[in-house]
Amino acid sequence: LFKRRLARARALSCARSLSTSLVFVAGEEGRLLVRLAARNTDGAARRQGGCGGGGPSIRMYSPALEAALRDVVPSTDPLDAPDFNPISHINKLFPNEESLGRADTFSAELQDQMTVLDEEILQTVRQQTSAGSSARKDLEGGKAAMRELFDKVRDIKAKAERSQTMVHEICRDIKSLDYAKRHLTLTITALKRLQMLVTATEQLSVMTRERMYAEAANLLHAVSQLLAHFEGYAGIRKIDELRAQVGELSDTLRAQVFDDFNRLSAQEGAPQPSQTETLLGACAVVDALGPAARREMVAWFSSWQFAPYKHAFQPYGDAGSLDKTELRYGWHRQLLRQFDETFVTLFPHAWHVGLSLTLDFCSITNKHLDEILDQARGSLDVAVLTHALQKTVEFEKEMHARFSAEARDREGGEGGEGEGGGE
């Protein structure tokens, strides 16, 4: 608006000068040139924003700003052109003397346009002033809203911190309760197991006194499992007393079992049915006492069975010669038949007593034959030696056919105990 008003003021100044000081002269191209009087080209005309000495047009704004104004407020009015020249514009409007009659009308129109522009400028300035005040109010309102939002965010952050603290406290309380529950559960379980251990120990004492081996074996298994749960309770008097009592009862049971088997070795013939039932329970007790007791029982039985063999076939005895080797194998076959008829049902199959007897026989016989061969060195009969070797090979094949599967089973079963795997 200001640019438009200024352009029209310059044009009006030039138009007013026409009525008093215009001189028309013919130019080189035959057109009239308007030359203003010298007094109108001086500072007075310039103070009015007027014609000024008829030179080239003067740009009021930069080209970039002029381009922006054309984009925002497009106009086809020559007065709004960025290179507007008032003198050139007046020359186009009043090319001759006859056209000067319209100078006053043109001046009045320009004056009216300037009045309208002045009013628009005034209204715009007022609106801008009012808008500035509203903008300041909006800005203050925005700042107040930001302060309020900041206060709310700070309150929310404080509440969140308090909530987090409360959650930590609740979690700590829950963890304490969980520990208490876990300890209470462990305590209740330990008390129940302790009660079961006390009861089982008392019953085991009665079964041991009455030589009720089958029941005692079951109680030994139960007591061993219960004591395993109290491995971490060393130093507690009651637990130590029960552990010592169970150890004493185990020793008593072991002594009783071996005493009953010693009675069996002292008698003639096969055991009686009642005795067999007692010995079956005794074997169950030996199983419950553990692998060491089982190995000791098998070793005792083997020593009992091979006592006659050691006496009859010793290297300095009547049957202790190389030509009696076949008799040795026959004696062992007779031992195995007697074992199958009398003792095979007495010992548990997992003990592999028949295999143990055969291994012990081979070990004893190997020592005897080594000693016999050492004594007969240089005087061996080839036929006797060949016959002994042939019978030995036959015996080995026979025993392998009978005990190969059992030997593999024994190696797999006793490999975890670290015993007997190499036999």
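**Stop one: H8 and H9**

Select Val286, Asp287 and Leu289 in H8, and you'll find them meeting Ala293, Arg294 and Met297 in H9; contact here means heavy atoms within 4.5 Å. Helices are DSSP runs (H or I, at least four residues), numbered from the N terminus. This is a predicted model, where local features need pLDDT of at least 70, side-chain atom pairs count only at pLDDT 80 or more, and totals for chains, interfaces and linings use all residues. Residues are numbered from 1 along each chain as its sequence is written, and side-chain values use heavy atoms, leaving out hydrogens and water.

Now show all of H8 (residues 273–289): its axis comes within 5 Å of the H9 axis, and the two cross at roughly 135 degrees. That makes H8 oblique to H9. Axes are lines fitted to C-alpha atoms, for helices over the stretch in contact, with angles from 0 to 180 degrees between N-to-C directions. Under 35 degrees is roughly parallel, over 145 roughly antiparallel, 65 to 115 roughly perpendicular, and the rest oblique.

**Stop two: H9 and H10**

Next, pick H9 (residues 291–312) and H10 (residues 325–342), whose axes come within 11 Å and cross at roughly 140 degrees. H9 is therefore oblique to H10. To see the contact, select Phe301, Gln305, Phe306 and Tyr309 of H9 with Arg328, Trp331, His332, Leu335 and Phe339 of H10.

**Stop three: Thr201**

Finally, jump to Thr201 in helix H5 (residues 103–209). Is Thr201 buried or exposed? At 1% relative accessibility, Thr201 counts as buried (under 20% relative accessible area; exposed is over 50%, partly exposed in between; 1.4 Å probe, protein chains only). Leaving aside residues up to four places away in sequence, Thr201 touches Val223, Leu242, Gln245, Val246 and Leu249.
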